[in-house]
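Here are my notes on the model, as numbered points. Please read them with the coordinates open.

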Amino acid sequence: MTSRSHLLLASVALWAVCGQAALADEPKAEIRGEIDGELRRQLEQAVGQVDNAPANRFEARRRARSAMESAQALLRSEGYYQPTLQDDVEGEEKPVAIVTVTPGRRFELSETKVNWVAPVPDPVSQSVATADLGLKPGEPGRAADILDAEGRIVASLSREGYADAKAEPRRVVVDHATFTVQPNFNIASGELVRLDGILVRTRGPTNPDWVVNLAPWKAGDRYDPEDVAELERRLLDTGVYDGVNVSLAPLDQVTPEGLRPVVVGLSDRPRSLLEAGATYSTAEGVGVDVFRTRYNRFGRAATLKYGLRFASIDSRLGGEVSLPHWRKPGRTLKLSSYLVNEQTDAYDRSALTVNADLSQRIGKTSFFTYGLGLDAGRYTENRFDPVTQAPITFDRDLAIVTGRTSAFMDRSNDPLNPTTGFRLYVSAQPTAVTGEDTVLFLRTETQATGYLPVQDGARTVLAGRVRIGSIIGGQELTVPSDRLFYSGGGGSVRGYSYQSINPRLPDNTPRGGLSLFETSIEVRRDIGQKFQAVGFIDAGAIGFQETPNFNNLRYGAGVGVRYKLPFGPVRADIAIPLDKREGDAEFQLYISIGQAF
C-alpha cells in the first residue's frame, strides 16, 4: 500500500472519530448526590441529553431547572415522595448545569383496596382478579407497579368473561407520617358476557357459514379474549385477506336471551395475482418463473396457484390448491401436481408428481404434516459401482410412493429475523419404489436451530444450526438419485456450489449419499438501525452408510450484510471454500430475503 493510501485511510479514520465526537450528546445536567447506581442511571435517563453545551449561565440555569423537574417526577414515580433537590450552575466561561439530589426514604406499599362498582362480578371472578394484583405490602411504592396492577385486574376480569371491564379513576393515598402508599382501585366490571353467533361483514365471496364453523366457542359460552383472538388468527392464517377484524357487537345488539354476537369484518386481497420473475446464479444458472395465483376460491379462502418455471436445474409445469381449515380448524389440505424436469450434475429426472398433504397447526407457530406422494418417470443416474470402482450411468423407469410425515416447532421470536429461541424440524418418509427396481427404505431428517442474544437489546446474536439425515434400508445404487442426500449451496454449506460438498466420482460428478451432517454458526451484529454485519462458518459431510460420516467434513466461511426492511432483512453473503478442490469456485455470492436460518 502506498503512503498516499495510508494517508487517505488515516484521514477517513480521523474524520470518523471527530465526527462521532462532534455528534456525541452530553447530559442536560450533571446529577450529584449520594445515590445508588441504578437510581442514578434512571435519573440520568430521565434528565436526558442535549446536542451542545450551554452557551451561557442563563441557558445553564434553565437546563438545570428543567432537569430538576424531570428528576423530581422520576423520584415520585419510584416511591421517593420526600426528596431534596437543588439546581445550580458552576463555571463562568464553560457553565455546567447541576442538580443535587437527596432521595430521602423510599415509601412502601400498604394493603391495596379494590372497590367494585355495581354490577359487581361473581365471587370467583373477584377472587381471581384480586389474586392477579401482584402488589405486596412492604414493596416499593412505584407508580408503574400500581398502574400495572390496575391493568392486570381489568385483563383478568376480561378473561373471566367481563369484556366491558374498565378502571374508574383510582385514589392513591400517600402517608408522609408512615412512609406508605395505599392504592385504592375502583373497578367497573360490567355484565358477564355470553357469546352468540357470528355476524360476517364482507364484500368478498366468503361463505358466512364457513366462518361460523371456525369459531372456537358455542352459543352461550363465556366470553374469552383468547377465543376471539384465535378466530382472528385462523382467518389470517388463510393468507387471502388484507384485513381481518374480530370484535364484540355493541351492547345494543345483545339478543333477548342475553347473548352477544361477534362481528367479523373481512377485507379481501386482490382476487388474482400474476407473478413473473427471473434469477441468475453462477452456480445454478438461469431461471424464469411465471405463476398465476387465485385467492378465496369456492367461498372458503382456498388458494389456487398454477404456472411454470424454466430453469437450468429445475423446470416444472403444473399447479397446486390449498384448502385451509379443511373439515377442522387449523388443518390445511394441499393438493399439487407438476411435470418436472431436473438436470443436475448427479442425475437427470423427467417425471409426473402428485402430492396430497394435510397440515395441522398446533398453537400459534407449530405444525405437523402427513400425506402421500406419487412420482412416476425416467431417471438418468450417475453412480459409483462398488465392485468395479468405476463411474456408471444408467436409465430407470420408476414409480415412487412416499409417505410424507413431518413436524415443525417454532419457539423463536420472529419468522425472518429471529434473535432468541429455537426451531425444530423432523421428517420421516417411508418410501416404496417399483418399476425396473423394487426398493423399500425410510428417509429421515432433523434440523435444529437456536438463537442466543449476547448483548442487551439483542444487538449481537449468536445463531447455530445442525442438520442430520439418514436413509435406512436402502443401498446407494438402488435408492433413486433424487432421494439421496446432497450438500452445498446457499441453504446448506456456503462457499460451495449446489451439490458440490459431496464426494465425487472419478469424472468429478457429485456422488449422492445415504447420510448427511451439516452445521453452521453465525455471529450477527447490528450496525445502526438498518444494517447488520454477519460472520459465519458452515460445515457439511455426506456419508455412504446409514449413520453420518464425520471424516470428510468440508468447511466454508464468509461474511455478510443484512439490510433491515419492515417485512424482514435482505441478505447478501459472500463465502469461500476452506477445503477447495478441483472444480470449486474461489467464492460464492448469495442474495435472498430473510436470515440464512
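1. With which residue does Asp-375 form a salt bridge? The partner is Arg-483, and the closest N and O atoms are 3.1 Å apart. A salt bridge here is a side-chain nitrogen of Lys or Arg within 4 Å of a carboxyl oxygen of Asp or Glu. Asp-375 lies in strand S19 and Arg-483 in the loop between S23 and S24, so the pair ties together parts that are 108 residues apart in sequence. Both Asp-375 and Arg-483 are buried. Buried means under 20% relative accessible area, exposed over 50%, and partly exposed in between (1.4 Å probe, protein chains only).

2. A word on the basis. This is a predicted model: local features need pLDDT of at least 70, side-chain atom pairs count only at pLDDT 80 or more, and totals for chains, interfaces and linings use all residues. Residues are numbered from 1 along each chain as its sequence is written, and side-chain values use heavy atoms, with hydrogens and water left out.

3. The loop between S23 and S24 makes another such link. Arg-349 and Asp-482 meet through their side chains in a salt bridge (3.5 Å, N to O). Arg-349 sits in strand S18 and Asp-482 in the loop between S23 and S24, so this pair ties together parts that are 133 residues apart in sequence. Arg-349 counts as buried because its relative accessibility is 6%. Asp-482 is also buried, with a relative accessible area of 17%.

4. Strand S17 (residues 331-343) and strand S18 (residues 347-362) run antiparallel and are joined by 13 bridges. They form a hairpin with three residues between them. Val-340 stands opposite Ala-351 in S18. Strands are DSSP runs (E, at least two residues), as are helices (H or I, at least four), numbered from the N terminus. Two strands pair if DSSP finds at least two bridges between them.

5. S18 also pairs with strand S19 (residues 366-385). The two run antiparallel, with 16 bridges. Leu-358 stands opposite Tyr-370 in S19. This is again a hairpin with three residues between the strands. Gly-363, in the turn, has a positive phi of about 70 degrees.

6. Back to the loop between strand S23 (460-472) and strand S24 (515-527), where Asn-502 lies. Is Asn-502 buried or exposed? Its relative accessibility is 0%, so Asn-502 counts as buried. A polar atom of the Asn-502 side chain lies 3.0 Å from the backbone oxygen of Phe-485. Leaving out residues up to four places away in sequence, Asn-502 touches residues including Phe-485, Tyr-486, Pro-510, Ile-542 and Arg-581. Contact means heavy atoms within 4.5 Å.

7. Arg-504 and Asp-584 form a salt bridge, with the closest N and O atoms 2.7 Å apart. The pair links distant parts of the chain: Arg-504 in the loop between S23 and S24, and Asp-584 in the loop between strand S27 (568-577) and strand S28 (588-593), 80 residues apart. Asp-584 counts as buried, at 8% relative accessibility. Elsewhere, salt bridges that share partners join Arg-494, Glu-522, Arg-524, Asp-538, Arg-562, Arg-571 and Asp-573 into one network. The whole structure holds 53 salt bridges.

8. The largest cavity holds about 30 Å³. Its lining includes Arg-465, Ser-492, Arg-494, Asp-538 and Phe-597. On a 1 Å grid over the protein atoms alone, a cavity is a set of points where a 1.4 Å probe fits but cannot get out, while a pocket is an open set with protein on both sides within 12 Å along at least five of seven lines; lining residues have an atom within 4 Å of a point. Grid points are joined across faces, edges and corners, and a volume is the space filled by probe spheres set on the points.

9. The second largest pocket has a volume of about 390 Å³. Of its 16 lining residues, Ser-406, Phe-408, Tyr-425, Ser-427 and Glu-445 are the closest to its centre. Strand S20 (390-410), strand S21 (421-435) and strand S22 (439-453) are the elements that give two or more residues to the lining. S21 gives the largest share, five residues.

Methods:
A polar contact is a pair of N or O atoms within 3.5 Å; within protein, one must be able to donate a hydrogen and the other to accept it, and residues adjacent in sequence count only if both atoms are side-chain atoms.
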